[in-house]
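My plan is to jot down what I look up, one entry at a time.

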Amino acid sequence: MTSKPTLQVVKIGGNVIDNPSALASFLQDFASLPGPKLLVHGGGKIATQMAASMGIESQMIEGRRVTDEESLRIVTMVYAGWINKSIVAELQGLSCNALGLTGPDGRIVLSKKRAATPIDYGFVGDIVTVNAESLSGLVQAGFSPVFAPITADAAGQLLNTNADTMAQALAIALSSTYDVTLTYCFEKKGVLLDPNDDESVISSIHPASFIELKEKGIVSAGMIPKLENALKAISAGVSVVRLCHADNLQKTEIGTKISA
Ligand SMILES: Nc1ncnc2c1ncn2[C@@H]1O[C@H](COP(=O)(O)OP(=O)(O)O)[C@@H](O)[C@H]1O
Ligand SMILES: CC(=O)N[C@@H](CCC(=O)OP(=O)(O)O)C(=O)O
């Protein structure tokens, strides 16, 4: 049996994107990763700040943004515009052949508006399909795709999509062709047993320990969808899933490893 080529899918979170020097150092590490790679970025923190500066209050429920028409315009401008193009330009400056994308570009990611019950999130999309063939084609052509968390449905309606979910869906889709490693990079050293103690990193999480951590309130807020996505990825064909500090992208033994 011939083994699959390797590919790294990396997600970078909004708290790092909001810190230019931390982002620059992360992008340097990303650019120097060997082999095919793909980046998914968030930017929730900047979108919230932008909305606030326009007098619009952001509402998050279970780590997801309630997205009305005005918020959709803001998140599209922030994620697919300012953040995506800044990251692509910075990576190009580091000789990484980054290609900025959103879901509707080449219809690589197709989503569907979330049902309005039990919670009406407005213009929020859940991923329906990923066109792995088109995406692999871009990777094989030498590009490093950089995805903003904006998608669209089949009728062309733009939708806001959680960036952790986007990374999970892309990693799973690519795992039929590649041996995929998925790394969630953020501003903490991993999943912490005590959120106030940066050194209390939990080295490994599996489905049963996640339920226990959630019940005890040790994982909360944005960490819940992040871990749900991480667990889904490891159970659906992704070879390695890890959560770590953005500074530790290349230190593969550090952080929290996810097991099935
Ligand atoms: N046990 C935990 N360990 C680490 N972070 C946690 C934990 N529980 C909750 N969190 C929170 O989850 C956040 C990461 O989720 P999120 O804000 O969605 O980040 P990102 O923007 O990187 O996706 C951390 O900043 C932290 O505040
Ligand atoms: C539907 C939904 O919640 N979308 C997210 C997309 C951005 C994101 O996920 O950013 P981080 O990775 O920085 O949290 C939002 O608007 O906050």
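I started with Pro118, which sits in the loop between strand 6 and strand 7 (125-130). The peptide bond from Thr117 to Pro118 is cis, with omega near 0 degrees.

A note on what I'm looking at: this is a predicted model, where local features need pLDDT of at least 70, side-chain atom pairs count only at pLDDT 80 or more, and totals for chains, interfaces and linings use all residues. Residues are numbered from 1 along each chain as its sequence is written, while chains are lettered from A and ligands numbered from 1 in the order in which they are written.

Next I looked up phi. Most residues other than glycine have a negative phi, and most peptide bonds are trans. Glu62 is not a glycine, yet has a positive phi of about 50 degrees. I found Glu62 in the loop between strand 3 (60-61) and strand 4. Glu62 is exposed, with 10 other C-beta atoms within 10 Å. My cut-offs, with C-beta atoms placed from the backbone: buried is 20 or more other C-beta atoms within 10 Å of a residue's own, exposed is 12 or fewer, and partly exposed is in between.

Ala221 also goes on the list, with a positive phi of about 45 degrees although it is not a glycine. Ala221 is in the loop between helix 7 (207-215) and helix 8, and is exposed, with 11 other C-beta atoms within 10 Å.

**Helix 6 and helix 8**

How do helix 6 and helix 8 pack? Helix 6 (residues 163-174) and helix 8 (residues 223-235) have axes 9 Å apart and an angle of about 5 degrees. That makes helix 6 roughly parallel to helix 8. The axes are lines fitted to C-alpha atoms, for helices over the stretch in contact, and angles run from 0 to 180 degrees between N-to-C directions. Under 35 degrees counts as roughly parallel, over 145 as roughly antiparallel, 65 to 115 as roughly perpendicular and the rest as oblique.

Contact here takes C-beta atoms, placed from the backbone, within 7 Å.

**The core**

The largest nonpolar core has 70 residues, and Val9, Ala167 and Leu174 are among those with the most contacts inside it. Such a core is a set of buried Ala, Val, Leu, Ile, Met, Phe, Trp, Tyr and Cys residues joined through C-beta atoms within 7 Å. Leaving aside neighbours within four places in sequence, Leu174 is in contact with residues including Leu7, Val9 and Val180.

**The two ligands**

Which residues are closest to ligand 1? I count 20 residues around it, the closest being Gly13, Phe186, Leu192, Gly222 and Met223. A residue is near if its C-beta atom, placed from the backbone, lies within 6 Å. Helix 1 (14-17) and helix 8 each give at least two residues to the shell around ligand 1.

Ligand 2 has 16 residues around it, and Gly14, Gly42, Gly44, Arg65 and Ala163 come nearest. Here helix 3 (44-53) and strand 4 (64-65) each supply at least two residues of the shell.

Terms used. Helices (H or I, at least four residues) and strands (E, at least two) are DSSP runs, numbered from the N terminus. Two residues are in contact if their C-beta atoms, placed from the backbone, lie within 7 Å.
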